[in-house]
Amino acid sequence: MLDKFKIRLQYMLPKQCLTEFAGWFASRNAGFLTQWAIKLFVKAYKVDMNEAQKSELTAYSTFNEFFIRLLKEDARPIVEKDNQLAQPADGAVSQLGSINDGIIFQAKGHNYTVEALLAGQYQLAEHFRGGQFITTYLSPSDYHRVHMPCDGLLKEMIYVPGDLFSVNPLTAQNVPNLFARNERLICVFDTPVGLMVQILVGATIVGSIDTVWSGCVNATREGVIKRWVYPELGSEGAIFLRKGEEMGLFKLGSTVVNLFEANKISFNPSLIPGYATRMGELLAETVADQVAEEPTEVK
């Protein structure tokens, strides 16, 4: 009964207004109110501040500064072998597996299409037919910066406006097409394992989605799809990121969805729904004889 009420509330709440207010408050230095909010959050979600570069709560003048806190350099070692892909984020595996007939499994009784997730980009969606996907849920207590699973050259970025449903196990089980209807940022990379898509999914009270190359992409929320195309390696403006490098962040957290082409990677067999992930740990290994020639970074 309580779960049904929570889901019904998701449809009734003024999610846009709540999100804008949360983003406004989180970006303000409200003195003791900010400190009170941070302390309450740390206590409620049992946040481990020992991992943070700044472990003292008073070091953060806004809630956003606290929420996107940096970790100590040795807090998240990155898998080192060339055939290993790294977890992109701290969180928990929501679902993972094969993309059969262009369909991604969301939760029991709910599926959605790759084409819908990619905002109708059918040619891009074809690259992932028969491929692999993994959905990683970032809880409020997690580190909220997102990193690269492998080396990658950014090909394009697509901002898709949408709903702002909360993204958690309950909504995944009850809101149809959740990840294909929420606001999201689609980043397409050319990598040693073919094309890879890394999608940052927005949610209720997610104040902003940022990337390291463009900053905040949803500051105005104009309600239109926006697309950016990036140049080839060696050209001015090219974006090349190494495995483990930060690529983006959530100011108040959500979910990351990764798509891989067919016969390119094999997921870490330990990964099952609910598995706690840590950025930098083993996500997958490349399939033998399927690794493409890696682009060479131009300094």
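This is a predicted model: local features need pLDDT of at least 70, side-chain atom pairs count only at pLDDT 80 or more; totals for chains, interfaces and linings use all residues.
Me: What is a nonpolar core, and how many residues does the largest one have here?
Reply: In soluble globular proteins, nonpolar side chains tend to be buried together. A nonpolar core is a set of buried Ala, Val, Leu, Ile, Met, Phe, Trp, Tyr and Cys residues joined through side-chain atoms within 4.5 Å. Buried means under 20% relative accessible area, exposed over 50%, and partly exposed in between (1.4 Å probe, protein chains only). The largest nonpolar core here has 33 residues, and F189, W213 and M247 have the most contacts inside it. Among the strands that each supply at least two of its residues are β2 (91–98), β7 (152–160), β8 (184–191) and β14 (246–251). Helices (H or I, at least four residues) and strands (E, at least two) are DSSP runs, numbered from the N terminus. A second, separate core of 28 residues includes F128, V167, A172 and I186.

Me: Which residues does M247 touch?
Reply: Contact means heavy atoms within 4.5 Å. Setting aside neighbours within four places in sequence, the contacts of M247 include V146, M148, C187, F189, L200, V212, W213 and L241.

Me: How do I read a helix such as α3, and which of its residues are buried?
Reply: Begin with its length. The expected span is 1.5 Å times one less than the number of residues. Helix α3 (residues 32–45) has 14 residues and should span 20 Å; its end C-alpha atoms are 20 Å apart, which agrees. Next, look at its sides. T34, Q35, A37, I38, F41 and V42 are buried in α3. Viewed down the axis, the buried residues fall within an arc of 160° (taken from the directions from the helix axis to the C-beta atoms), so they line one face of the helix. The face turned away from that buried side carries the exposed residues F32, W36, K43 and A44. Just after α3, K46 takes a positive phi of about 55°.

Me: What counts as a salt bridge, and how many does the structure hold?
Reply: Side chains of opposite charge can pair when their charged atoms come close. The cut-off is a side-chain nitrogen of Lys or Arg within 4 Å of a carboxyl oxygen of Asp or Glu. The structure holds eight salt bridges. In one of them, R145 and E246 meet at 3.0 Å, N to O. R145 lies in strand β6 (residues 145–147) and E246 in strand β14, so this pair ties together parts that are 101 residues apart in sequence. R145 is buried, with a relative accessible area of 11%, while E246 is partly exposed at 22%.

Me: Where do D151 and R242 lie?
Reply: D151 is in the loop between β6 and β7, and R242 is in the loop between β13 and β14. Their side chains form a salt bridge of 2.7 Å, N to O. D151 counts as buried at 12% relative accessibility, and R242 as partly exposed at 30%.

Conventions
Residues are numbered from 1 along each chain as its sequence is written. Side-chain values use heavy atoms; hydrogens and water are left out.
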